[in-house]
Amino acid sequence: MHSQLILAVILCLLKTIYSYKPVIILHGILDNPEALSKLKIFIENAHVGTNVTFLNMYNDAESFTPMWRQVNHFGSRMGALMNTSRDGVHLICFSQGGLICRGVLNTLPYHNVDSFISLSAPQMGQYGDSDYLHFFFPHYVKENIYKFFYSRYGQYFSVANYWNDPHNNMLYRKYSDYLAVLNNESLKVKAQAQAWRKNFLRLKNLILIGGPDDGVITPWQSSQFGFYDEKEKVVPMREQKVYIKDIFGLRTLDKRGAIHTYTVSGVEHTTWHKNLTVFDNCIEKWLT
């Protein structure tokens, strides 16, 4: 009887340990998996036995590779991992990685993602000066870099693929090879809107994390699908055209109660994945 009780306890513990879905982590621009190693430690400490996988591709300077090329390669790797995880997986995608993951979710018809945690990612684009922008494009500031980004050659850089200049919307729609296509705003590429919407809606939870002290994502509300209008006034998610028209399923997810937003002050962009408070309050509960 005593041995049977011990066996039952052991089986119960094993079930608890192995009940967590695998977690796939994708880094951001000018970043690499090693930089996000603390996040892996947080997950493994909170949910012992969780299988955590970093996607070790397009690291550092290679992260400037055009977005669709990255989506295709990351999507292939993610798809293979999903095929081995019958009960589903979770995604934690940081910064530019969050936009890449969104492209994967739109284009992967068989994905089984439970929680997509978008960690300070420019989901509605970027329009702001930053250190990396000045370093790699020293002759430009946000007001004039559209002249390069919105060109055939400019679109060879990932950040140009989601540069969203509110003062040059028609050029954005004409030249943006990625974000304008995802949002079905492109003048030259017709998105597979219905198929992509169906794929995106396979999500069970969309977690949007950002904050006013980020210092890189501009406006910071882009991390929660808000963005500037032509007067640089921030228009929140529920007033955006992509939401109102439900182009890729954002409104449907919201009505389902599947969108969860977290606004955290005092966190700089490069420290989101190192912040235990952010993990405890915004991420941990979505990884079960």
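This is a predicted model: local features need pLDDT of at least 70, side-chain atom pairs count only at pLDDT 80 or more; totals for chains, interfaces and linings use all residues.
Six strands build an open sheet in the order S2-S1-S3-S4-S5-S8, and their pairing is parallel. At the edges stand strand S2 (52-54) and S8, each with a single partner strand, so one side of each has no neighbour in the sheet. On average, and ignoring direction, neighbouring strands are turned by 15° against each other. At the S2 end, strand S1 (residues 23-26) runs parallel to S2 and is joined to S2 by three bridges. Isoleucine 25 has phenylalanine 54 in S2 as its bridge partner. Helix H3 lies across S1, S2, S3 and S4, and its direction makes an angle of about 170° with S1.

Helix H13 (residues 276-283) is next. Its buried residues are Val278, Phe279, Cys282 and Ile283. Viewed down the axis of H13, these buried residues fall within an arc of 105°, so they line one face of the helix. The N-terminal end of H13 is capped by asparagine 275, which places a side-chain oxygen 3.0 Å from the backbone nitrogen of threonine 277.

Helix H10 (residues 193-200) can be read in a similar way. Here the buried residues are Ala193, Trp196, Asn199 and Phe200. Around the axis they cover an arc of only 130°, which puts them on the same side of H10. Gln194 and Lys198, on the other side of H10, are exposed. The cover over the buried residues of H10 includes the helices H3 (67-83), H4 (96-107), H9 (179-182) and H12 (250-255), as well as strand S5.

Now for the aromatic side chains. The structure holds 14 aromatic pairs. One of them is formed by phenylalanine 42 and phenylalanine 279, whose rings sit 5.6 Å apart centre to centre with 40° between the planes, a tilted arrangement. This pair links distant parts of the chain, since phenylalanine 42 belongs to helix H2 and phenylalanine 279 to helix H13, 237 residues apart. Phenylalanine 42 has a relative accessible area of 11% and is therefore buried, and phenylalanine 279, at 2%, counts as buried too. Tyrosine 150 and tyrosine 172 are another tilted pair, because their ring centres are 6.5 Å apart and their planes stand at 55°. Tyrosine 150 comes from the loop between helix H6 (146-149) and helix H7 (158-161), whereas tyrosine 172 is in helix H8 (residues 169-175), so the pair ties together parts 22 residues apart in sequence. Relative accessible area is 4% for tyrosine 150, which is buried; tyrosine 172 is also buried, at 1%. Elsewhere, Phe64, Tyr127, Phe148, Phe149, Phe157, Trp163, Phe227 and Tyr228 form one aromatic cluster.

Histidine 269 is found in the loop between S8 and H13. With 8% relative accessibility, histidine 269 falls under the 20% limit and so counts as buried. Its side chain is joined to that of serine 120 by a polar contact of 3.1 Å. Setting aside neighbours within four places in sequence, the residues in contact with histidine 269 are Phe94, Ser95, Ser120, Asp214, Val216 and Ile217. Of these contacts, isoleucine 217 is 52 residues away in sequence, yet the C-alpha to C-alpha distance to histidine 269 is 7.6 Å.

Glutamine 224 sits in another loop, the one between S5 and strand S6 (227-228). Glutamine 224 is buried, at 13% relative accessible area. A polar atom of its side chain lies 3.0 Å from the backbone oxygen of tyrosine 262. Apart from neighbours within four places in sequence, glutamine 224 is in contact with Leu208, Gly210, Met237, Thr261, Tyr262 and Thr263.

Technical notes: Residues are numbered from 1 along each chain as its sequence is written. Side-chain values use heavy atoms; hydrogens and water are left out. Buried means under 20% relative accessible area, exposed over 50%, partly exposed in between (1.4 Å probe, protein chains only). Helices (H or I, at least four residues) and strands (E, at least two) are DSSP runs, numbered from the N terminus. The arc is that of the directions from the helix axis to the C-beta atoms. A polar contact is a pair of N or O atoms within 3.5 Å; within protein, one must be able to donate a hydrogen and the other to accept it, and residues adjacent in sequence count only if both atoms are side-chain atoms. Contact means heavy atoms within 4.5 Å. Two strands pair if DSSP finds at least two bridges between them. Axes are lines fitted to C-alpha atoms, for helices over the stretch in contact, and angles run from 0 to 180 degrees between N-to-C directions. Rings of Phe, Tyr and Trp (its six-membered ring) pair if their centres lie within 6.5 Å; planes under 30 degrees apart count as stacked, over 60 as edge-to-face and the rest as tilted.
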